[in-house]
Amino acid sequence: MSLPFASVLLVDKELRYRAAVGAAITFYGFDPPAMIGRLVSDTLRPDTFAFVGAALHKALGGESFTEVREIGFLHATFEMTYGPAVEDGEI
């Protein structure tokens, strides 16, 4: 199975990007290396960050879940899966 527009973003507890890979990121005009260390809120519109930020906090609390969202200004529907990354037993 091929997922040509799949992307993976890893953020820390301060909601700063720690990793960014995937075709969707560059397709929508983001530069993955330039995202590292930046706040998620600095790269998203406020209306988009409102639901993404809430979902990230939920994932950082230990929940895993999937949301399907239509993002009108991008003219696209996204399936976004959130979950905590665990290393040495810590999120």
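Leucine 15 is buried, at 7% relative accessible area. Buried here means under 20% relative accessible area, exposed means over 50%, and partly exposed lies in between, using a 1.4 Å probe and protein chains only. Leucine 15 sits in the loop between β1 and β2. Helices (H or I, at least four residues) and strands (E, at least two) are DSSP runs, numbered from the N terminus.

This is a predicted model, in which local features need pLDDT of at least 70, side-chain atom pairs count only at pLDDT 80 or more, and totals for chains, interfaces and linings use all residues. Residues are numbered from 1 along each chain as its sequence is written, and side-chain values use heavy atoms, with hydrogens and water left out.

## Positive phi angles

Most residues other than glycine have a negative phi. Leucine 15 is not a glycine, yet its phi is positive, about 65°. Aspartate 88 also is a residue other than glycine, and its phi is positive, near 50°. Aspartate 88 belongs to the segment after β4. Is aspartate 88 buried or exposed? Aspartate 88 is exposed, with a relative accessible area of 77%.

## The loop between β1 and β2

Aspartate 12 is found in this loop as well. Its relative accessible area is 14%, so aspartate 12 is buried. What does the side chain of aspartate 12 reach? It reaches the backbone nitrogen of glutamate 14 at 3.0 Å. A polar contact of 2.6 Å also joins the side chains of aspartate 12 and arginine 18. A polar contact is a pair of N or O atoms within 3.5 Å; within protein, one must be able to donate a hydrogen and the other to accept it, and residues adjacent in sequence count only if both atoms are side-chain atoms.

## The loop between α2 and α3

Arginine 38 lies in the loop between α2 and α3. Threonine 43 is in the loop between α2 (32-35) and α3 too. Arginine 38 is partly exposed, at 37% relative accessible area. Threonine 43 counts as buried because its relative accessibility is 12%. A polar atom of the threonine 43 side chain lies 2.9 Å from the backbone oxygen of valine 40. The C-alpha atoms of arginine 38 and proline 84 are separated by 19 Å, and the two residues are 46 residues apart along the chain.

## Helix α3

Helix α3 has 15 residues. From its first C-alpha to its last, α3 reaches 20 Å, close to the 21 Å expected at 1.5 Å a residue. The expected span is 1.5 Å times one less than the number of residues. Buried residues of α3 include Thr48, Phe51 and Leu56. The buried residues of this helix pack against β1, β3 (65-71) and β4.

Alanine 55 has its place in helix α3. Its relative accessibility is 3%, so alanine 55 counts as buried. Alanine 55 and threonine 66 are 11 residues apart along the chain, and their C-alpha atoms are separated by 9.5 Å.

## Who touches whom

Contact means heavy atoms within 4.5 Å.

| Residue | Touches (heavy atoms) |
|---|---|
| Aspartate 12 | Arg18, Leu60 |
| Arginine 38 | Leu15, Arg16, Tyr17, Thr43 |
| Threonine 43 | Tyr17, Phe30, Arg38 |
| Alanine 55 | Phe65, Glu67, Tyr82 |

## The largest pocket

The largest pocket has a volume of about 1400 Å³. On a 1 Å grid over the protein atoms alone, a pocket is an open set of points with protein on both sides within 12 Å along at least five of seven lines, and lining residues have an atom within 4 Å of a point. Grid points are joined across faces, edges and corners, and a volume is the space filled by probe spheres set on the points.

How many residues line the largest pocket? The lining has 42 residues, and Ser7, Val8, Leu9, Met80 and Thr81 lie nearest the centre. Elements that each supply at least two lining residues include β1 (7-11), α3 (46-60) and β4 (76-82). Which element gives the largest share of the lining? That is β4, with six residues. By class, the lining has 29 nonpolar, six polar and seven charged residues. Ala, Val, Leu, Ile, Met, Phe, Trp, Tyr, Cys and Pro count as nonpolar, Asp, Glu, Lys and Arg as charged, and the others, Gly among them, as polar.

Key. 1 Å grid on protein atoms, 1.4 Å probe; cavity = no way out; pocket = protein on both sides within 12 Å on 5 of 7 lines; lining within 4 Å. Lists of a residue's contacts leave out its neighbours within four places in sequence.
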